[in-house]
Amino acid sequence: AHPAIACKGEAHFRDTFFKDLLKSVEHFNSRKQWLAETTFQGLEPFPGIEREDVAAVMRLVVFRVLQRAAGGKEVLLYGEKTPNTIHYIEPALAIFPRAKLVHLVRDGRDAAVSCWFHYKRVKPEQVAERWGGDFTRFLEASAQQWAEETAKGRAAAERWPERVIELRYEDLLAEPEAALARLLDFLGVASDAAILRACLDATDFAKLSGGRAAGEEERGSFFRKGVAGDWRQHFDAAQTARFEQLAGR
């Protein structure tokens, strides 16, 4: 919603296009090497595709896609929201030397509940196949994943404090103006009161959900509930203890 930023949705560049691109590069270089050793033995070998060539292709594709996602909006910053990026922070920051990463952290228990209902809505077969429809089994896997990914984000923020920021979901709910201003200042764009208000109004839960107040649940909606602490409605004492055992306090 910020006038200087375009950041819409999840592109999943790394786990789709980039993954296949790297396979194609490996195949090209292998084929070139075979030709050099057989058909063209004794001749000067033709250059292969190098790491920086791949990075250049990645940058070009990403910028073109993000520009189209902006829909003609003139902006200073482009962004996207693929959660999997947490596993590729170092190469992402290397390929895009001016990029910054926003690591959004949420209480792991709430994250587990939100993800559980999201999967039940869009991937019910996966809920049955992977976890047998058992919430306890799901939250155990979720706790381990949450701990691993949160640790990676925190380590990145310590290593690259000028390029990685940790932002808490609960802070955005409790003190939205202060949390958003901190984020926008980190990104280097305007954060005056009028812009903060416009951004927060545009992303108000009632507006996104079609008129429901935060806390009014609709399990068939992407915007299910919009509150912090919902885990207390779904965890029993044993599940709470188990999650804490796996994920830490």
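How do α6 and α11 run relative to each other: roughly parallel or roughly antiparallel? I kept in mind that this is a predicted model.

**Entry: α6 and α11.** I found that the axes of helix α6 (residues 135–159) and helix α11 (residues 237–247) cross at roughly 25° and come within 8 Å. Angles under 35 degrees count as roughly parallel, so α6 and α11 are roughly parallel to each other. I noted a right-handed crossing where α6 passes α11. Among the residues making the contact are F135, L139 and W146 of α6, and R242, F243 and L246 of α11. Sorting the contact of α6 with α11 by class gave me eight nonpolar, four polar and two charged residues.

**Entry: α4 and α5.** Next I checked helix α4 (residues 108–122) and helix α5 (residues 124–131), whose axes come within 5 Å and cross at roughly 115°. W116 and Y119 of α4 and W131 of α5 are among the residues in this contact.

**Entry: aromatic rings.** My count came to 12 aromatic pairs. For Y119 and F138, the ring centres are 6.1 Å apart and the planes are at 85°, so I wrote down edge-to-face. Y119 sits in helix α4 and F138 in helix α6, 19 residues apart. Y119 counts as buried at 19% relative accessibility, and F138 counts as buried at 3%.

F135 and F235 also form an edge-to-face pair, because their planes are at 80°, with centres 5.6 Å apart. This pair ties together parts that are 100 residues apart in sequence.

Last, I traced a cluster linked by ring pairs, including W116, Y119, F135, F138 and F235.

Technical notes:
Residues are numbered from 1 along each chain as its sequence is written. This is a predicted model: local features need pLDDT of at least 70, side-chain atom pairs count only at pLDDT 80 or more; totals for chains, interfaces and linings use all residues. Side-chain values use heavy atoms; hydrogens and water are left out. Axes are lines fitted to C-alpha atoms, for helices over the stretch in contact, and angles run from 0 to 180 degrees between N-to-C directions. Helices (H or I, at least four residues) and strands (E, at least two) are DSSP runs, numbered from the N terminus. Angles under 35 degrees count as roughly parallel, over 145 as roughly antiparallel, 65 to 115 as roughly perpendicular and the rest as oblique. A crossing is left-handed if the near helix is turned anticlockwise from the far one by less than a right angle, and right-handed if clockwise. Contact means heavy atoms within 4.5 Å. Ala, Val, Leu, Ile, Met, Phe, Trp, Tyr, Cys and Pro count as nonpolar, Asp, Glu, Lys and Arg as charged, and the others, Gly among them, as polar. Rings of Phe, Tyr and Trp (its six-membered ring) pair if their centres lie within 6.5 Å; planes under 30 degrees apart count as stacked, over 60 as edge-to-face and the rest as tilted. Buried means under 20% relative accessible area, exposed over 50%, partly exposed in between (1.4 Å probe, protein chains only).
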